[in-house]
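The stops below are given in the order in which to select them.

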Amino acid sequence: MIEQAYVQADDKTAPTLKEIRDRISTAVDATEGTAFERLKCWLQMPVDSTFAKMVDSDCQVRAKRVGGLLSPGAGGLYDPSDLSVGIGVPAKWTAIDKAVKAERAVYVNGSTGHVGGAQSKFNNERNAGFHVIVFLAVGKESDGRGYYLGLDPDVSATTEARAAWKALVAGDTETKPQDFTAAKSLEVVKSMILGSAEGGFGPLVRKYYVDTSKAFPKIIRA
């Protein structure tokens with residue numbers, strides 16, 4: 001699994017954290033459709049409070065839509081060549097760097113256990129299947145270690161994401177997100193992605209420390 005960490009307010013990325021936050025906020029506000037359609041656009045939601053079941057497996061469709069909404073740069077969403085193919089791996093990541101700096105989200109398709117969160121209900125012993133997230137910026141730690149700022153819509157992805165979801169939707173609507181009001185839908189989406197702290201993000205946006213010298217693991221088709 002790609003090592004992941006949460007964003008800190010003083011992290012330096014290109015584009016900047018503020019630019020990414022503003023882009024996300026504007027796109028969420030402009031999402032068309034019903035309250036439930038907004039939720040389905042931005043979040044990969046569980047169907048019960050225990051995450052024992054997860055019928056929403058539209059990560060590929062969602063990543064393409066969300067990535068497109070977050071790609072104001074010329075050319076729109078950037079879909080790199082297969083990251084599990086070892087030929088030309090560094091060049092692929094150079095192109096990804098160029099894309100995010102040009103305000104293009106990047107479609108990142110990898111095996112479930114490689115790009116997903118540690119607690120995702122989609123993880124399995126065989127690491128079968130795939131998951132898709134989007135990268136929005138590139139950054140570097142003070143020690144020189146590089147990372148990508150990524151959005152993973154899966155609300156089951158991490159312990160923090162699960163806790164945030166439960167706190168936001170506690171009560172009867174926990175298993176009936178289709179009953180959310182427009183205001184509740186907007187609150188949940190923004191809280192999960194942007195969080196409440198100025199300059200920070202919610203649990204669905206994380207730093208991904210990618211080894212850009214190696215190909216992703218091959219995807220095992222279920």
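**Stop one: a loop proline**

Select Pro 80, which sits in the loop between α3 and α4 (89–101). The model is a predicted one. Is Pro 80 buried or exposed? Its relative accessible area is 10%, and since residues under 20% count as buried, Pro 80 is therefore buried. Now show what is around it. Setting aside neighbours within four places in sequence, Pro 80 is in contact with Ile 96, Val 106 and Tyr 107.

**Stop two: a loop glutamine**

Move to Gln 44, in the loop between α2 and α3. Gln 44 is buried as well, with a relative accessible area of 2%. Which residues does Gln 44 touch, not counting those up to four places away in sequence? They are Met 54, Asp 56, Ser 57, Asp 58, Cys 59, Arg 62, Phe 122, His 131, Pro 153, Asp 154 and Val 155.

**Stop three: helix α1**

Select residues 17–29, which form helix α1. At 1.5 Å a residue, its 13 residues should span 18 Å, and the C-alpha atoms at its ends are 18 Å apart, so the two values agree.

Colour the buried residues of α1: Leu 17, Ile 20, Arg 21, Arg 23, Ile 24, Ala 27 and Val 28. These residues cover an arc of only 165 degrees around the axis, which puts them on the same side of α1.

Next, show what covers the buried residues of α1. The cover includes β2 (13–14), α2 (35–42), α3 (59–69), β4 (130–140), β5 (146–151) and α7 (182–194).

**Stop four: helix α7**

Select α7, a helix of 13 residues. From its first C-alpha to its last α7 reaches 18 Å, close to the 18 Å expected at 1.5 Å a residue. Its buried residues are Ser 185, Val 188, Val 189, Met 192, Ile 193 and Leu 194. They pack against α1, α2, β5, α6 (159–169) and β6 (205–209). Past the end of the helix, select Gly 195, which follows α7 and has a positive phi, near 75 degrees.

**Stop five: Ile 193**

Stay in α7 and centre on Ile 193. Its relative accessible area is 0%, and Ile 193 is buried. Apart from neighbours within four places in sequence, Ile 193 is in contact with Ile 24, Trp 42, Leu 43, Leu 151, Phe 201, Gly 202, Leu 204 and Val 205. Take Leu 151 from that list: Ile 193 and Leu 151 are 42 residues apart in sequence, with 7.8 Å between their C-alpha atoms.

**Stop six: α1 against α7**

Show both helices together. At what angle do α1 and α7 pack? The angle is about 160 degrees, with the axes 11 Å apart. Angles over 145 degrees count as roughly antiparallel, and α1 and α7 are therefore roughly antiparallel to each other. The crossing of α1 past α7 is right-handed.

To end, display the side chains between the two helices. From α1, select Arg 21, Ile 24, Ser 25, Val 28 and Asp 29, which meet Leu 186, Val 189, Lys 190, Ile 193 and Leu 194 in α7.

Methods. Residues numbered from 1 in each chain as written. Predicted model: local features only at pLDDT ≥ 70, side-chain atom pairs only at ≥ 80, totals over all residues. Heavy atoms only, no water. Helix = DSSP H or I, 4+ residues; strand = E, 2+ residues; numbered from the N terminus. Expected span 1.5 Å × (residues − 1). Buried < 20%, exposed > 50% of the residue type's maximum accessible area, 1.4 Å probe, protein only. Arc of directions from axis to C-beta. Contact = heavy atoms within 4.5 Å. Axes fitted to C-alpha atoms, helices over the stretch in contact; angles between N-to-C directions. Parallel < 35°, antiparallel > 145°, perpendicular 65-115°, else oblique. Left-handed = near helix turned anticlockwise from the far one by under 90°.
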